[in-house]
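Here's a quick briefing to read alongside the model. Have the sequence and the 3D view open as you go.

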Amino acid sequence: MSLLTLSLSCVVATATLCASPVVLARADPAAPAPAAALTAFPATNSMKTAGLNAEQVYAILLGEIAGRRGDMSTAFTQYFKAAQLTQAPQMAELAARVAIRSEDYDAADQAVRLWLTLAPNAPMAQQVAAFLRIHAEDQEGALIHLNRLIELSEGANETVYDDAAALIARASTPELQLRLMQALVTQFPESADAQQALASLAAGISQFAIADKAARRALELRPEWNKPRLFLVRLLLTQDKRTEARQLLESFIVNTPNDLAMQMLYGQFLVEEKEFTSARAVFEQLLNSQPKAPEALFAAGILSLQLNEFDRAQAYFTRLYDTGERQNDAAFYLGQAAEQMNDVAAALNWYQKVEENHVAEAQMRIAVLRAAAGDVAAAREMLQQLRIDSPEDAVMSTLVEAEILENAHQAEEAMQVLNAALNEQPDAVDLLYARGLLAINLGQLERGEQDLQQIITVDAENANALNALGYTLADRTDRYTEALGYIERAYKLKPDEPAILDSLGWVHYRLGHLETARDYLRQALAAFNDGEIAAHLGEVLWAMGQQTEAWTVWNASLAAHPDDADLQKVIERHRVLKTEANSNNAKGAPK
């Protein structure tokens, strides 16, 4: 299937699985928890001034005013003076934070020493002190404060080891980070949390063997804990060891069949493997034990849409909507399902319920449905208003308007809409691509080629533009060698794309390389059952003298795509040779 003959709807297609939130954000196993916001400027109400004398209040106010004016040096001086006058840990903390924000680390050290004197058991004071020692590459000093931080926080703060790892991750080199973290963990050899924090930090600096060993030790220390299990699977996926990751994941699931996070990860893995039916079965099993789990309902619904089982999608998204969670997502995809089931009234009803997420997409679909019902003017008015209300969606709404006009046989009007948009955004790739295809369909080859060449000039690896230009040259001109060059560049970028395989087959047909053309076209048709690809394959088979097989391909495709115009044209053109085809297979040609 050539990109040239795709309608603009392919440019503005609604969300598919790969763009959907069902594709879970795979947390980087390397990323430790973020450190505290050490550099945030303190709020003005950080300390109440009631009960303070005039000198103390004056110092505090001077610090506040200086800080708000950006004079951090004066702010530090006054806050530090206030801390000395009041002996209040809060003021020492403010002084330390102001100094860190202004990157005056000597001043910060001075403030933290006072803070620790005033509040030696304050976990935050130990944390800031550790940060400063790490910044100074003082390993021994950093470990003293990190150890004290853990002693003060363990039991009360479940994330203390992650907090420590986040601080250590600020060290200047990966080697220093690892050395500090290993030294810290050595002090707490029986802590699963410590081992898991080490695993996260090690993964972050690509020390995968150390990360794996630490996570497995964490699991030994706390066998019921799923965090190391999830981490180990993600660690393998990060290294692209998908077979090992799958084996490990499936072994874990046997032990925790109802664990939401584990099942979601497994379902996502199957989605990435394009095993959509199996992925949905995972989410359905999860729903047996947790029937109102929003993420599982959403995933099952999206996968049902992907599998073209719209009634099942409708059921899952209705259940999701009824939970009160993700209602905007549910309403939008209920509109999608209804649209696919040709229930226009229901689709409009659901799209009109969408707010916030997907609202622009929903408005565009409403416009398309109104246009299909004959009210093109109202549809255009909606889209034009959307461009005013939502400028960030201007390109997409323009593409939809052009599509509506082209479908309404107003191609010249569509061209005017695209021209006007490109006057505002002359380098917008999607607009250039759409105008290029439209120009080619209108027979304006020079204009179309210019637009596609402009895209390639900006983005030499734009496979769609390369393929569209190559196909156009192969199909509409005799510049076959040049066409092959563009299509081969696209093929290197997307070797499994059916549209590119089709174009590659077609240009080889034009060059007389019939066997090569046949092979590419068979590969394209196997990947995507499309009328135009079948038409091309039949043409090649016919040229090779395999008329019976050509009719077989055409008949099968005609049964699947009875309204495909490209296929019908090819069949009509060869109908005059029906007698010869019938000599090989009397029932081959359509009657």
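Helix H7 (residues 160-168) is mostly covered, with 9 of its 9 residues buried; buried here means under 20% relative accessible area, exposed means over 50%, and partly exposed is in between (1.4 Å probe, protein chains only). Bear in mind that this is a predicted model, where local features need pLDDT of at least 70, side-chain atom pairs count only at pLDDT 80 or more, and totals for chains, interfaces and linings use all residues. Residues are numbered from 1 along each chain as its sequence is written, and side-chain values use heavy atoms, with hydrogens and water left out.

**H7 and its cover**

- The buried residues of H7 are Val160, Tyr161, Asp162, Asp163, Ala164, Ala165, Ala166, Leu167 and Ile168.
- Their cover includes H5, H6, helix H8 (174-186), helix H9 (192-204) and helix H11 (227-238), and contact means heavy atoms within 4.5 Å.

**The chain overall**

- You're looking at 32 helices and 0 strands; helices (H or I, at least four residues) and strands (E, at least two) are DSSP runs, numbered from the N terminus.
- Of the chain's 591 residues, 48% count as buried.
- Take the contacts between residues at least 6 apart in sequence: 53% of them join residues at least 24 apart.

**H23 against H24**

- Two packed helices are described by the angle between their axes and the distance between the axes.
- For helix H23 (residues 429-441) and helix H24 (residues 445-458), that gives an angle of about 155° and axes 7 Å apart. Axes are lines fitted to C-alpha atoms, for helices over the stretch in contact, and angles run from 0 to 180 degrees between N-to-C directions.
- The crossing of H23 and H24 is left-handed, as a crossing is when the near helix is turned anticlockwise from the far one by less than a right angle; clockwise makes it right-handed.
- On the H23 side, the residues in contact are Val429, Leu432, Tyr433, Arg435, Gly436, Ala439 and Ile440. H24 brings Leu445, Arg447, Gly448, Asp451, Leu452, Gln454 and Ile455.
- By class, the contact of H23 with H24 has 8 nonpolar, 3 polar and 3 charged residues. Ala, Val, Leu, Ile, Met, Phe, Trp, Tyr, Cys and Pro count as nonpolar, Asp, Glu, Lys and Arg as charged, and the others, Gly among them, as polar.

**Salt bridges**

- Count a salt bridge when a side-chain nitrogen of Lys or Arg is within 4 Å of a carboxyl oxygen of Asp or Glu, and the tally comes to 31.
- Glu275 pairs with Arg246 in a salt bridge, the closest N and O atoms being 2.8 Å apart. Glu275 sits in the loop between helix H13 (260-272) and helix H14 (276-289), while Arg246 is in helix H12 (residues 242-255), 29 residues apart.
- Both ends of that pair are partly exposed: Glu275 at 25% relative accessibility and Arg246 at 23%.
- Arg365 and Glu339 form a salt bridge too, with closest N and O atoms 2.4 Å apart. Arg365 is in helix H19 (residues 359-372) and Glu339 in helix H17 (residues 327-340), so the pair ties together parts 26 residues apart in sequence.
- Are Arg365 and Glu339 buried or exposed? Both are buried.
- Arg522 bridges to Glu549, the closest N and O atoms being 2.5 Å apart. With Arg522 in helix H28 (residues 514-527) and Glu549 in helix H30 (residues 547-560), this pair ties together parts 27 residues apart in sequence.
- Arg522 is partly exposed at 35% relative accessible area, and Glu549 is partly exposed at 31%.
- Salt bridges that share partners join Arg280, Glu284, Glu309 and Arg312 into one network.

**Loop residues to check**

- Most residues other than glycine have a negative phi.
- Glu137 is not a glycine, yet its phi is positive, about 60°. Look for Glu137 in the loop between helix H5 (123-135) and helix H6 (139-153).
- His409 also has a positive phi, near 60°. His409 is in the loop between helix H21 (394-407) and helix H22 (411-424), and is exposed, with a relative accessible area of 73%.
- Glu356 lies in the loop between helix H18 (344-351) and H19, and is exposed at 66% relative accessible area. The C-alpha atoms of Glu356 and Asn328 are separated by 7.1 Å, though the two residues are 28 apart along the chain.
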